[in-house]
Amino acid sequence: MGAYADLVFVGGRVVTVDAEFSVASALAVTGGVISAVGEGHDVTPLVGPGTRVVDLRGATLLPGINDSHLHGCAFGMATPPLSLDLGHPAVSSLADVAGAVREAVRRTPAGGWITGHGWDTGYLAECLSDPSRLPSRHDLDTVSPDRPVVLYSFSGHATWVNSKALELIGIDRHTVAPPGGAVVVDGAGEPTGLLHEGAQALVQNALPPLGRRERTEAIRSTLATLARLGVTSYTEPGLGPGGAGIMRGALGAETLDVYRRLLADGELTARVGVLLLPTGMASTAEEFARALTALVESGDTDPRRLAIHGVKIFADGIVPNRTAWMHEPYVGGGCGSLCVGGATDAERVAGIDAMIRHAHAAGHQVGVHVTGDRGIDTVTDSFAAAAAEHPRPDARHYVIHGDFLTAHSMKVLAAHGFGVNMNPTVKWTVADMEEAFVGPDRAAYAWPYRAALDAGVRVTSGSDAPVTFPDWRQGVATMMLRESKAAGRVSGPEQRIGLAEAIRTYTIDAAWQDFADGWKGSLEPGKVADLCLLGGDLLSADPHDIPGMPVLLTVVDGRIVHDALRD
């Protein structure tokens with residue numbers, strides 16, 4: 001008789017997410033590994049005096065959820081008590097934001113900076129009633145004339161500051177934004193307090209840098225939240241020198257050192273894959289190449305717990321800022337552009353092409369932030385060109401976000417075995433507001449899950465937290481329903497996918513993105529015991545009810561990190 005199991009589950013739905021998406025009723029875990037999957041009689045011989053037996057009582061056991069695009073440190077920094085919560089429904093108007101700042105002023109010492117996160121013009125009453133009305137420094141000056149205020153948008157691609165912050169940063173009507181960025185000005189040429197894309201670095205460089213303690217507490221907060229949600233793995237998409245100017249350096253190289261320390265101390269309760277960020281939201285190909293050469297990768301950690309998979313590149317911006325590079329103009333004009341250095345489209349295309357070629361030739365997996373259809377076509381063509389010039393088996397490059405994937409880009413990705421990382425909870429959040437920027441047809445098409453899967457593209461899902469809350473249950477419901485957060489309207493019903501397909505994007509296919517589908521991502525004997533136990537029968541649930549189904553137990557490497565069954 002072999003070793004007894006540490007954990008045994010019986011009497012429910014065990015959704016294996018194997019090649020056939022088979023469903024069992026029992027599973028056993030021994031020494032951090034899945035030792036048996038099947039029916040009750042398959043696991044009964046493994047029950048010993050020290051085995052914990054969990055009667056599922058009809059609940060659903062899934063592979064641990066893999067959020068394949070989540071800014072762990074930034075998410076922790078963006079949530080209370082480390083930052084004001086300015087997302088919907090916490091605030092619903094500019095006046096609400098001002099009220100939250102007013103309260104923060106009362107408890108902030110003189111000279112202290114007030115920070116907040118999550119504002120979204122799509123949920124602010126004044127902006128909804130008048131689309132030309134944007135957040136302004138004047139909205140904040142009335143409640144905080146003397147303390148600097150820095151408020152990050154939900155997307156991370158815009159920052160809103162007050163006049164005191166502009167003064168301390170040194171931004172005025174003569175300030176020149178970095179390439180690919182914008183200091184928004186009013187009719188008189190004065191800064192409004194809004195900074196887009198790479199111009200946000202002007203703020204970050206003036207803020208007090210995050211200390212090790214703050215970074216540690218932020219990641220601990222994130223890990224606790226993820227454990228309660230059943231998330232056992234995530235990709236931290238962009239840590240390195242290029243992150244020094246993003247959210248007080250939450251994406252800076254120092255954060256990777258904090259992850260290493262947490263792992264060494266036994267506190268890293270999720271598996272973390274990392275994309276390194278050589279340069280930020282706007283750089284030249286030459287700057288990228290120099291930074292890429294200077295990157296230092298450490299192999300001194302358990303690669304199954306903390307691994308560096310490749311590098312991240314920013315190619316364009318986002319639709320709500322009209323900075324995604326589109327084939328057809330936005331409502332009101334303009335097509336956006338690539339955000340790399342260059343005076344013309346041709347120069348910028350050459351820059352992106354060179355960056356991808358450098359990273360591919362150096363042996364890195366490459367994840368590229370790109371949202372506009374013209375930008376995506378450019379990036380996928382660059383992927384193909386780099387692969388042709390330097391053949392590499394199984395590079396697993398992928399498009400990050402891929403809001404407006406075209407038939408051409410899907411064909412290229414599928415042909416080369418590359419992927420796309422989509423964001424269903426972002427779709428849920430912005431579906432209503434995007435019509436104002438790209439019209440109803442393009443807004444409905446955004447994040448074309450059905451088309452991408454049908455084209456043979458490997459699709460993974462991530463929350464992009466702190467852009468959205470990292471709740472995979474809402475993500476699954478959105479992929480199945482395509483309903484919006486604000487109005488509940490259906491947005492692009494032809495892009496709906498089924499439950500099994502949606503679960504795969506958060507499990508086995510997300511593991512593929514991590515080069516880990518051979519040892520995690522499904523419930524099969526020999527794979528690591530990363531598990532998520534969901535209350536109720538997921539397979540028969542109304543998709544509308546999925547977001548409310550409770551996570552009862554979360555297991556990472558055989559270790560229970562969340563246990564609502566005993567709480």
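Modeller: Start with Arg458 and Asp509. They form a salt bridge, and their closest N and O atoms are 2.9 Å apart. Arg458 sits in strand 19 (residues 458-461), while Asp509 sits in helix 19 (residues 508-513), so the pair ties together parts that are 51 residues apart in sequence. Keep in mind that this is a predicted model.

Now look at how open each partner is. Asp509 is buried, with a relative accessible area of 12%. The cut-off for buried is under 20%. Arg458 is partly exposed, at 31%.

Why can such a pair form? Side chains of opposite charge can pair when their charged atoms come close.

The structure holds 27 salt bridges. Take Asp454 and Arg450. Their closest N and O atoms are 3.1 Å apart. Both residues lie in helix 16 (residues 449-454). They are 4 residues apart, about one turn of the helix. Asp454 counts as exposed, at 56% relative accessibility.

Another pair is Asp139 with Arg133. Here the closest N and O atoms are 2.7 Å apart. Asp139 counts as buried at 15% relative accessibility. Arg133 is partly exposed, with a relative accessible area of 28%.

Next, the backbone. Follow strand 19 to the loop between it and helix 17 (472-481), and you find Pro466. A cis peptide bond joins Ala465 and Pro466, with omega about 15°. There is also a cis bond from Pro80 to Pro81, with omega near 5°. Pro81 lies in the loop between helix 2 (72-77) and strand 7 (84-85).

Then go to Arg482, in the loop between helix 17 and helix 18 (499-505). Its phi is near 60°, a positive value in a residue other than glycine. Arg482 counts as buried, at 2% relative accessibility. Phe21 also has a positive phi, near 55°, and is not a glycine. Phe21 is in the loop between strand 1 (7-15) and strand 2 (23-30). Phe21 is buried, with a relative accessible area of 16%.

End with an exposed arginine. Arg213 lies in helix 8 (residues 212-229). Its relative accessible area is 62%, and it is exposed. Arg213 and Val258 are 45 residues apart in sequence. In space they are 9.0 Å apart, C-alpha to C-alpha.

Definitions and conventions: Residues numbered from 1 in each chain as written. Predicted model: local features only at pLDDT ≥ 70, side-chain atom pairs only at ≥ 80, totals over all residues. Heavy atoms only, no water. Salt bridge = Lys/Arg side-chain N within 4 Å of Asp/Glu carboxyl O. Buried < 20%, exposed > 50% of the residue type's maximum accessible area, 1.4 Å probe, protein only. Helix = DSSP H or I, 4+ residues; strand = E, 2+ residues; numbered from the N terminus.
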